[in-house]
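The following paragraphs consider the disulfides of the structure shown below. Please keep the sequence and the model at hand while reading.

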Amino acid sequence: MCALLIGTAASVGLPSAAAADSPSPTATAPASSSLLTAMQKDLGLSKPEAVKRLAAEKKAAALQGMARNAAGASFGGAWYDVTAGKLTVAVTDKAKAGAVRATGADVRFVTHTERQLDSAKKKIDALKAPSGVSSWHVDPQASRVIVNVVASRSGDNDVRAFVAQAAKTGPVTVQQVSEAPRTLSAGTVGGDPYYTGNVRCSIGFSVYGGFVSAGHCGQTGAAVSGWDGSAIGNFQGSSFPGNDYSWVNVGNGWWTVPVVLGWGTVSDQLVRGSAVAPIGASICRSGSTSHWHCGNVLATNETVNYSQGAVYEMTKTSVCAEPGDSGGSFISGDQAQGVTSGGWGNCSSGGETWHQPINEILNRYGLTLHTA
């Protein structure tokens with residue numbers, strides 16, 4: 001979702017692909033009609049089901065903090081259960097079940113606490129991962145750390161050695177994936193949101209004074225131009241690998257608005273906050289190449305092993321993306337989630353993507369999200 005920048009003067013309009021097709025959602029509406037249509041298409045829902053799911057996910061997101069506090073040290077993670085339509089909280093101590101249920105969440109008993117799983121993952125983060133290892137994350141539903149390896153590389157000696165080391169850190173399960181992750185920047189294509197050098201990326205979210213995007217799109221100090229070729233500003237901060245985030249200051253007649261572009265597929269979406277959607281929740285993404293697509297949150301705090309190096313604390317989704325979508329917005333309802341980092345597959349055959357959570361970027365650079 002290339003949210004944000006409007007042209008430099010009244011005579012300069014938005015690209016035709018970015019024009020809104022209907023008014024943005026009101027503060028009381030669950031979503032615009034076109035957003036609901038997109039969810040129906042990508043998630044196989046009816047309109048009533050989409051409306052009901054958005055309402056349930058919003059409630060689940062709001063419950064996470066209370067449920068975590070109720071579980072205390074026995075907290076094993078949480079996720080949105082699509083079938084039940086509720087937040088499910090994993091706990092290791094049955095004595096905590098009543099307090100967690102009192103918040104409105106369901107309970108599942110597990111073997112390992114989130115702290116134990118995070119400790120194991122942190123030890124894996126310290127290992128040097130070969131290119132045949134795709135990613136690894138904590139899975140609260142399985143109460144395990146999942147290590148993903150590329151199927152065609154699973155027999156490589158360095159992959160097998162890494163897996164053996166990872167298995168010593170704690171409860172680890174190895175899964176195979178079909179492709180390795182890659183970042184999603186692209187060579188210059190005219191008319192798309194922003195450029196640095198010969199790289200095209202997508203704007204993420206407006207912040208006061210600029211916008212946030214992916215770190216691999218440009219280094220600190222690099223000049224940024226807009227879809228019309230005019231100067232916007234410069235990268236004020238950028239980090240990749242390790243992280244994949246950046247922010248660009250806005251000047252030269254450009255300004256920011258709290259909007260994510262719908263690219264004519266849905267209406268432009270207002271951004272009202274950055275409450276974190278739980279695992280299992282629906283999420284949508286927009287970028288300058290593949291425009292608007294929706295899916296589900298698959299995992300949080302996942303380490304992704306790109307060819308350039310590992311990136312930590314990423315969120316994995318089932319939303320597709322393509323080169324040029326890097327930096328673009330991930331949004332759940334009207335809540336900003338993160339900026340597109342990379343993935344595998346495409347929007348014809350499908351795939352998975354990762355985003356760098358927005359709140360981490362805001363905290364790192366001391367930025368304030370521009371909200372409606």
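A residue is called buried when its relative accessible area is under 20%, exposed when that value is over 50%, and partly exposed in between. The model discussed here is predicted. A disulfide is a covalent bond between the sulfur atoms of two cysteines. Across the whole structure, a search finds three disulfides. When the bonded cysteines are numbered in sequence order, they pair as 1-2, 3-4, 5-6.

The account begins with Cys201 and Cys217. These two cysteines form a disulfide in which the sulfur atoms lie 2.0 Å apart. The bond joins distant parts of the chain, 16 residues apart: Cys201 belongs to strand E10 (residues 199-201), whereas Cys217 sits in the loop between strand E12 (210-213) and strand E13 (223-226). The link of Cys201 and Cys217 is left-handed, with -90° about the S-S bond.

The next pair is Cys284 and Cys294, whose sulfur atoms are 2.1 Å apart and form a disulfide. Here both partners lie in strands: Cys284 is in strand E18 (residues 282-287) and Cys294 in strand E19 (residues 291-306), and the pair links distant parts of the chain, ten residues apart. Cys284 and Cys294 are both buried.

The remaining pair is Cys320 and Cys347, which form a disulfide with their sulfur atoms 2.1 Å apart. Both cysteines lie in loops: Cys320 in the one between strand E20 (309-317) and strand E21 (329-332), and Cys347 in the one between strand E22 (335-346) and strand E23 (350-357). Why is the disulfide of Cys320 and Cys347 right-handed? The torsion about its S-S bond is about 100°, so the disulfide is assigned that hand.

The accessibility of this pair calls for the cut-off given at the outset. Cys320 has 11% relative accessibility and therefore counts as buried, because the value is under 20%. Cys347 has 21% relative accessibility and so counts as partly exposed, because the value lies between 20% and 50%.

Methods. Residues are numbered from 1 along each chain as its sequence is written. This is a predicted model: local features need pLDDT of at least 70, side-chain atom pairs count only at pLDDT 80 or more; totals for chains, interfaces and linings use all residues. Side-chain values use heavy atoms; hydrogens and water are left out. A disulfide is a pair of cysteine sulfur atoms within 2.5 Å. Helices (H or I, at least four residues) and strands (E, at least two) are DSSP runs, numbered from the N terminus. Buried means under 20% relative accessible area, exposed over 50%, partly exposed in between (1.4 Å probe, protein chains only).
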